[in-house]
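I opened a new notebook page for this structure. My entries follow in the order of looking.

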2 protein chains.
Amino acid sequence: MARSRLTPERESELYEAVLDLLREVGYDALTMDAVAARTRSSKATLYRQWGSKPELVARALRHNKPVDLSEIDTGTLRGDFQALLERTDDCQMEKDSALMRGLAHAVHDNPDLHQALRELLIAPEMNGLAEVLGRAVRRGEVDAGNPALSLVPHMLIGAFVARPLIDDQPVDHAFLSAYVDAVVLPSLGV
Amino acid sequence: MARSRLTPERESELYEAVLDLLREVGYDALTMDAVAARTRSSKATLYRQWGSKPELVARALRHNKPVDLSEIDTGTLRGDFQALLERTDDCQMEKDSALMRGLAHAVHDNPDLHQALRELLIAPEMNGLAEVLGRAVRRGEVDAGNPALSLVPHMLIGAFVARPLIDDQPVDHAFLSAYVDAVVLPSLGV
């Protein structure tokens, strides 16, 4: 796809508008018409640039998450997790948490959205996390055969989804940091 | 509320219909009209028995989860978790997982539903889990000050939500059992 027609600033603006709409109305009610109206662009431009609604949404979500996990390398696994948390502020975490809630059901009903999310958002995050964990294994911090290694994403998603549901509290640094220390690191034997 | 007007069989039938509708159309599109039509009852009866849609949905969900966690007492924490898993079949787990996905967003937008779910479903489950964990503490299996004790629900919800999202697999016994052994028990120091 030729993305060169849009400046990076304009592309950013479009993605922000898609995410705002997603938080406001949810995935099902988000139409290409609404995106076009909100961003004062034509539907033809949207389809030419992104091909489809699932891909546009997945790209917008990926744009929202510019942290490259594999760049973090503090020398300890705990340090890497702390560095990762410090890169996201509390307000952004609450916004991410809202997006996750809004998408959990939509993903199940929309195989195209699920596939786009897997390719554009989930796979890169998994690869970054795998690299951080792989370094911990190579340093000898975590046993290579530890079965919790492949379950770290599940633990972290649980923290995001359950915090508002169970505790009626927003997800913030203090909670995630305590969760990493109490759950993630001990399950990895760190 | 006078529930004596309905036989237990009829009440069961109504709850099953509510859960079926919930899986089919989601919370927002589930109307009291649809429930009345599906169950061939009058809306007046529904409102007299349950007061409101959030309460009806919460009661139906509670009905779906008749396992009383506090009744499980095998003598070890691992045995208690295994016994808990054995009480639910794989098909029921997938159905529960679908309900959880459908409700995660609705709960956030509907404070009444969230409150009804907290009182009727979340609080009793938390109390049952707290009893199972409390016995493990009294037996000396888990340290009373272990910070993971209050995070077990978060770990388990993560397993349910992330399994289809990340691994594209349904939640089943084999996965949950491996997750308990790899994540929940090690974080508790068992």
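Entry 1. I call a residue buried under 20% relative accessible area, exposed over 50% and partly exposed in between, with a 1.4 Å probe and protein chains only. By that rule H154(B) is buried, because its relative accessible area is 1%.

Entry 2. I noted the ground rules. This is a predicted model, where local features need pLDDT of at least 70, side-chain atom pairs count only at pLDDT 80 or more, and totals for chains, interfaces and linings use all residues. Residues are numbered from 1 along each chain as its sequence is written, chains are lettered from A and ligands numbered from 1 in the order in which they are written, and side-chain values use heavy atoms, with hydrogens and water left out.

Entry 3. I went back to H154(B). I found it in helix 8 of chain B, residues 152–167; helices are DSSP runs (H or I, at least four residues), and strands are E runs of at least two, numbered from the N terminus. Which residues does H154(B) contact, leaving aside neighbours within four places in sequence? They are G158(A), A159(A), A162(A), R163(A), I166(A), D167(A), F175(A) and Y179(A). Contact means heavy atoms within 4.5 Å.

Entry 4. I compared the chains. A rotation of 180 degrees, with 0.0 Å of shift along its axis, superposes chain B on chain A at RMSD 0.1 Å. That is the relation of a two-fold axis. In chain B, the C-alpha nearest the axis belongs to G158(B), 1.6 Å away. Both copies use the same surface: 100% of the contact residues of chain B recur in chain A. The superposition is by least squares on C-alpha atoms of residues with pLDDT of at least 70 in both.

Entry 5. I looked for nonpolar cores (buried Ala, Val, Leu, Ile, Met, Phe, Trp, Tyr and Cys joined through side-chain atoms within 4.5 Å). The largest has 68 residues, and L22(A), L61(A), L22(B) and L61(B) have the most contacts inside it. Apart from it lies another core of 59 residues, including L151(A) and L176(B).

Entry 6. I checked the domains of chain A. An automatic or database assignment sets the bounds: domain 1 is 8–62 and domain 2 is 66–187. Their contact takes 12 residues from domain 1 of chain A and 14 residues from domain 2 of chain A. Between these two domains about 1300 Å² is buried, 72% of it from carbon and sulfur atoms. Buried area is the accessible area (1.4 Å probe) that two parts lose on being put together, summed over both.
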